[in-house]
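Please look over the sequence and the model before starting.

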Amino acid sequence: MVWAMARHFFIVGAQRSGTTWLYRMLGQHPDINMAHPERPEPKFFITDMLYEKGIAYYCQTYFSAGAYAWLGEKSTSYIEQAIAAKRISLHFPDALILFLLRDPVDRAISNYRFSRDNGLEARPLELAIAQEPALAKPASDISVSPYAYTARGHYVRFLGMWEQYFPREQMMLLTSEKLLGSEVAIRDVFGRLHLDTHVPLSNVHLAVNGTAPSSEPVSPNIHRRLREGFRNSNHLLAERYGVDISRWQ
C-alpha cells in the first residue's frame, strides 16, 4: 500500500494554541497528506473501539490514497494521554511528534472561554480556576476534561511523558507566538520535514478557530496568579527542552 511508504507525524497539542492553523498550513504542501476530516479529530489512538479496528483501517479511513512523503494527524487530546504515546510508538516508532505550545496564561483563559462559549462552563473565570482540581473527569462524550485550564498548561509534564516513548530528536517543539501567521516559520517547519520550502501558501495570516472577543475583562490579579503558578514549569520547559519562553514573560 502507498501508505506504507510514508512517514507519520502527529500534532498532539496543546489545545487552544493554534493547532488547527498548523494543520491547514501543513495540509497545503503537496507532499503531506493530512488526516481528514479536520473536525472531529480522529483521536484514533485513544479511542479503544477505533484502535481495535487496526492500523490498516486507520490509514484507509483517515488518509487519501496517493504517494506522499508524510501522513499527518492532528488530535490535541493526545498530548496528555500516555496511551496515545504508547500506541503510536508501537506502530510508528519513527514518527515525528509536533507540540505547539502557547503562553499558558493566554491558553488557560482561551480554554475557559472556549468551554464557556460551548455551554460547558457557567462559572466566572476566577471561580473556575479555583475549583479546577475538583473537576478532573471529563463529560462522558469528551475525550479530556474541558476544565483543565491550568493543568493543561504545565507542558513540561507532558513532554516528559512523551519522552518515555520517543527520543527528543523526534519531538518538534514549536511556540504559537513565533509560528502563527508567519510564512517564514511555517516554511522552516517544511524544511525540518525535509520538504520543498517554496510551495505556494494561502491564508497564512488568517486566524483560525479563535474564541469570540469577551466583554469580560480579566483582572490583573488573575493574571498575576496564573503567571506565578506557571513560573516553575515554564522555567523547566526552557531549561530541559530549550523552548524560548521570552514572549511569555
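**Exercise 1.** Which residues have the most contacts inside the largest nonpolar core?

Solution. The model is a predicted one, in which local features need pLDDT of at least 70 and side-chain atom pairs count only at pLDDT 80 or more, while totals for chains, interfaces and linings use all residues. Residues are numbered from 1 along each chain as its sequence is written, and side-chain values use heavy atoms, with hydrogens and water left out.

A nonpolar core is a set of buried Ala, Val, Leu, Ile, Met, Phe, Trp, Tyr and Cys residues joined through side-chain atoms within 4.5 Å, where buried means under 20% relative accessible area with a 1.4 Å probe and protein chains only. The largest such core has 39 residues, and F10, F45, Y78, W162 and L237 have the most contacts inside it. Among the elements that give two or more residues to this core are β1 (7-13), α7 (155-162) and α10 (220-241), helices being DSSP runs of H or I with at least four residues and strands runs of E with at least two, numbered from the N terminus. The most comes from α7, with six residues. A second, separate core of 25 residues includes F9, L22, L26 and V204.

**Exercise 2.** Describe the aromatic pair of F44 and Y62, and say which parts of the chain the pair ties together.

Solution. Rings of Phe, Tyr and Trp (its six-membered ring) pair if their centres lie within 6.5 Å, and planes under 30 degrees apart count as stacked, over 60 as edge-to-face and the rest as tilted. By this rule the count comes to 18 aromatic pairs. F44 and Y62 make an edge-to-face pair, with 6.4 Å centre to centre and 75° between the planes. Because F44 lies in the loop between β2 (32-34) and α2 (48-51) while Y62 belongs to helix α3 (residues 55-62), the pair ties together parts 18 residues apart in sequence. F44 is buried at a relative accessible area of 0%, and Y62 also counts as buried, at 9%.

**Exercise 3.** What surrounds F45 and the ring of Y51?

Solution. F45 and Y51 form a tilted pair, 6.1 Å centre to centre with 55° between the planes. F45 is buried at 0% relative accessible area, and Y51 is buried at 17%. Contact means heavy atoms within 4.5 Å; leaving out residues up to four places away in sequence, F45 touches residues including F10, Y51, Y78, R87 and F92. The charged end of R87 sits over the ring of Y51, 4.1 Å from its centre (NZ of Lys or CZ of Arg within 6 Å of the ring centre and within 35 degrees of the ring normal).

Technical notes. Buried < 20%, exposed > 50% of the residue type's maximum accessible area, 1.4 Å probe, protein only.
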